[in-house]
Amino acid sequence: MAEGWEYLKHLDAGYDRAPVLRDMMDAYGNDVWNYAFFLTKRPEAADDVAQEVFLAAYNGLYGFRGGCTVKSWLLTITRNKALHVVQSAFIRRVTLTDRIVRKDAAPSAEANALEGMENHALWEAVLRLPRKYREVLVLDYHYGLTLREIAALLRISEGTVKSRSHRAKKQLNAMLSEDGKGEEA
């Protein structure tokens, strides 16, 4: 468990959870939202998921015993909530296109940040990968989770994480090479 969060495994029902939740939101709020966005590909869904994650963390705080880092615990909750949203029949019926752009809405902070990044093409390609590959890359490179943490979070073996990572990189390389050829023509 990361330094500074050790006390969480010793909380009891008499402890005020609000300051702890505020600290978690400050420390990991962006990570939770970004991971929800990568899974759902919808900013409004990521907003909802992030709220649900911190509500679940607040309600489950007394049960946290430090079997993993706070970050991986929150990302596990995020994954479960986001996948529930993605697999929801309502979302599949209501969403007509991948992206709906409203002219009167300002771009999100996430969109502005991605636009400004030199590796915009890379993130575009990552978002086109199948979810099982995209998740492994994002958890590894963006969140810096260990192989063991990724395996636990995704509930797969470490060997499967390695093979998905290898396949994701191979597919990503092919996509980037293909995109580069298309621009030259």
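**Reading the model**

Modeller: The chain has a mean pLDDT of 78, and 71% of its residues reach 70 or more; pLDDT is the predictor's confidence in each residue, from 0 to 100. This is a predicted model, where local features need pLDDT of at least 70, side-chain atom pairs count only at pLDDT 80 or more, and totals for chains, interfaces and linings use all residues. Residues are numbered from 1 along each chain as its sequence is written, and side-chain values use heavy atoms, with hydrogens and water left out.

Biologist: Over which residues is the pLDDT below 50?

Modeller: Where pLDDT is low, the predicted coordinates should not be read in detail. Here that concerns residues 91-103, with pLDDT below 50.

Biologist: What is the largest nonpolar core?

Modeller: A nonpolar core is a set of buried Ala, Val, Leu, Ile, Met, Phe, Trp, Tyr and Cys residues joined through side-chain atoms within 4.5 Å; buried means under 20% relative accessible area, exposed over 50%, partly exposed in between (1.4 Å probe, protein chains only). The largest one has 47 residues, and Met-24 and Trp-73 are among those with the most contacts inside it. Helix 1 gives the most, eleven residues; helices are DSSP runs (H or I, at least four residues), numbered from the N terminus.

Biologist: Where does Lys-41 lie, and is Lys-41 buried or partly exposed?

Modeller: Lys-41 lies in the loop between helix 1 (18-40) and helix 2 (43-60), and is partly exposed at 36% relative accessible area. Its phi is positive, near 60°, though Lys-41 is not a glycine.

How values were computed
Contact = heavy atoms within 4.5 Å. Helix = DSSP H or I, 4+ residues; strand = E, 2+ residues; numbered from the N terminus.
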